[in-house]
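Please prepare a briefing on the salt bridges, the chain contact, the sheet and the aromatic pairs of the structure shown here.

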Protein chains: 2
Amino acid sequence: MSETSPTAKGPDFSRGDGLLPAIAQDSRTGEVLMLAYMNAESYAETLASGRAVYFSRSRQRLWRKGEESGNVQLVRAIHIDCDADTILLSVEQIGGAACHEGYSSCFFRRVTPAGLEVVGQRVFDPAEVYGKK
Amino acid sequence: MSETSPTAKGPDFSRGDGLLPAIAQDSRTGEVLMLAYMNAESYAETLASGRAVYFSRSRQRLWRKGEESGNVQLVRAIHIDCDADTILLSVEQIGGAACHEGYSSCFFRRVTPAGLEVVGQRVFDPAEVYGKK
């Protein structure tokens, strides 16, 4: 819990391994859509383009959200937390679904004593969006 | 992007280094309050106690949110994402402020072309809550 630097201009990518968690929240509904990671390059491109660009840890490359599905995220605001090591994006989710499984939010499953309960509604069929190549 | 396992019961702590990011969202306002990390032990205690328990990376120990300030988080719901590697807590934030700097949310600073702008309102004075020991 470092003190806030009054001279800070943005996220502190010197923390951790240069990858910071970035939360995407729907700018209209407040729904938390997903969490991904950003490095300095993806953050800079997000600022420049106005669209959310993440860094894919599994693919080890920039991930321009929606590059395959067309469901881009238009960034309406960016906030950072007190430690400058987490990014909060307020976004307009094109297509109405952030999750590659077709749900509006990746958090479509609720933990219950009986196990996981799917509480989200599917907006699209993943097979139609990703499956026909 | 693994497929969802229908038999999954909760977060997959085998991913990463056993620490998963956990987002706390205000259950009434939808405001994103903070992001911290959980290990399996802190998650289990969260389930058992109904209060948010994180794992402090800087202190390398369980962090029972509010243990010092009294501003505990009562957990109203838990969701996990499609990859089961991020946790979303819906919480009632006692004291009205999640941030150790006295703001309701840790994301009290907005990124603007001119630098960071404080957009949150202080709920308490950190010196009064933490400073007099």
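In this predicted model, A:Arg76 is partly exposed at 46% relative accessibility, where buried means under 20% relative accessible area, exposed over 50% and partly exposed in between (1.4 Å probe, protein chains only). The side chain of A:Arg76 meets that of A:Glu92 in a salt bridge, with 2.6 Å from N to O; a salt bridge is a side-chain nitrogen of Lys or Arg within 4 Å of a carboxyl oxygen of Asp or Glu. This pair links strand E5 of chain A, which holds A:Arg76, to strand E6 of chain A, which holds A:Glu92, 16 residues apart. Helices (H or I, at least four residues) and strands (E, at least two) are DSSP runs, numbered from the N terminus.

Residues are numbered from 1 along each chain as its sequence is written, and chains are lettered from A and ligands numbered from 1 in the order in which they are written. As the model is predicted, local features need pLDDT of at least 70 and side-chain atom pairs count only at pLDDT 80 or more, while totals for chains, interfaces and linings use all residues; side-chain values use heavy atoms, with hydrogens and water left out.

**Salt bridges**

- Over all chains, the structure holds 10 salt bridges.
- A:Arg15 forms a salt bridge with A:Asp85, their closest N and O atoms being 3.6 Å apart.
- That pair links distant parts of the chain, with A:Arg15 in the segment before E1 of chain A and A:Asp85 in the loop between E5 and strand E6 (87-93) of chain A, 70 residues apart.
- A:Asp85 is buried at 9% relative accessible area, whereas A:Arg15 is partly exposed at 27%.
- A network of salt bridges links A:Arg15, A:Asp85 and B:Arg57.

**Contact between the chains**

- The contact takes 44 residues from chain A and 44 residues from chain B, contact meaning heavy atoms within 4.5 Å.
- About 3500 Å² is buried between the two chains, 61% of it on carbon and sulfur atoms; buried area is the accessible area (1.4 Å probe) that two parts lose on being put together, summed over both.
- Chain B and chain A share 2 salt bridges.
- In one, B:Arg57 meets A:Asp85 at 3.7 Å from N to O; in another, B:Asp85 meets A:Arg57, also at 3.7 Å from N to O.
- A:Arg57 lies in the loop between strand E3 (53-56) and strand E4 (61-64) of chain A and is partly exposed at 42%, while B:Asp85 is buried at 8%.
- Leaving aside neighbours within four places in sequence, A:Arg57 is in contact with A:Leu19, A:Tyr37 and B:Asp85.

**Sheet across the chains**

- An open sheet of 6 strands with mixed pairing runs in the order E2(A)-E1(A)-E6(A)-E5(A)-E7(B)-E8(B); two strands pair if DSSP finds at least two bridges between them.
- Strand E2 (32-38) of chain A and strand E8 (115-118) of chain B stand at the edges, each with a single partner strand, so one side of each has no neighbour in the sheet.
- Strand E5 (residues 73-80) of chain A and strand E7 (residues 109-112) of chain B run antiparallel and are joined by 2 bridges.
- A:His79 stands opposite B:Arg110 in E7(B).

**Aromatic pairs**

- There are 6 aromatic pairs over all chains; rings of Phe, Tyr and Trp (its six-membered ring) pair if their centres lie within 6.5 Å, and planes under 30 degrees apart count as stacked, over 60 as edge-to-face and the rest as tilted.
- The rings of A:Phe13 and A:Tyr43 form a tilted pair, because their planes are at 55°, with centres 5.7 Å apart.
- A:Phe13 is buried at 17%, and A:Tyr43 is buried at 7%.
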